[in-house]
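Welcome to a short tour with your viewer.

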Amino acid sequence: MLEAHHRTQTRPIPLQKKLSAEEIQELVKGERKVPLVIDFYATWCGPCVLMAQELEMLAVEYESNVMIVKVDTDDEYEFAQDMQVRGLPTLFFISPDPNKDAIRTEGLIPLQMMRDIINNEM
């Protein structure tokens with residue numbers, strides 16, 4: 001029992017990287033082989049915390065087959081406005097195929113829905 005508790009204490013840094021607006025724009029414009037998931041969140045947003053846990057599971061599940069990044073809307077207020085983020089959390093799913101439109105979801109969505117978008121729409 002102690003062993004399991006100790007392991008949660010030394011949990012690795014979350015797999016999702018927090019990026020600036022400039023870094024995100026470079027990623028979107030750049031060449032990618034995998035779908036990009038952008039999580040617009042705020043630290044004070046309860047559903048965002050739950051979504052972060054789901055995205056963490058997704059990151060583990062897909063490993064290098066999906067890139068998941070985060071944007072703190074308090075730090076990047078103008079960027080969030082430019083992206084027309086009105087509700088939190090908002091996710092953007094961006095295909096590596098430039099001919100496919102980005103898919104946007106607002107609010108807490110189930111893990112299975114994220115999988116379906118990545119597997120079927122990207």
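Start by selecting F40, F79 and F92, which form one aromatic cluster. This is a predicted model, where local features need pLDDT of at least 70, side-chain atom pairs count only at pLDDT 80 or more, and totals for chains, interfaces and linings use all residues. Residues are numbered from 1 along each chain as its sequence is written, and side-chain values use heavy atoms, leaving out hydrogens and water.

The structure holds 2 aromatic pairs (rings of Phe, Tyr and Trp, the latter by its six-membered ring, with centres within 6.5 Å; planes under 30 degrees apart are stacked, over 60 edge-to-face, the rest tilted). Look at F40 and F79: their ring centres are 5.6 Å apart and their planes at 45°, so this pair is tilted. F40 sits in strand β2 (residues 36-41) and F79 in helix α4 (residues 77-82), so the pair ties together parts 39 residues apart in sequence (helices, H or I of at least four residues, and strands, E of at least two, are DSSP runs numbered from the N terminus).

F92 lies in strand β4 (residues 90-94), 52 residues from F40.

Show the surface next: F40 is buried at 0% relative accessible area (buried is under 20%, exposed over 50%, partly exposed in between, with a 1.4 Å probe and protein chains only). F79 is buried at 6%, and F92 at 8%.

Finally, select C45 and C48, joined by a disulfide with S to S 2.3 Å (cysteine sulfur atoms within 2.5 Å). With 80° about the S-S bond, their link is right-handed.
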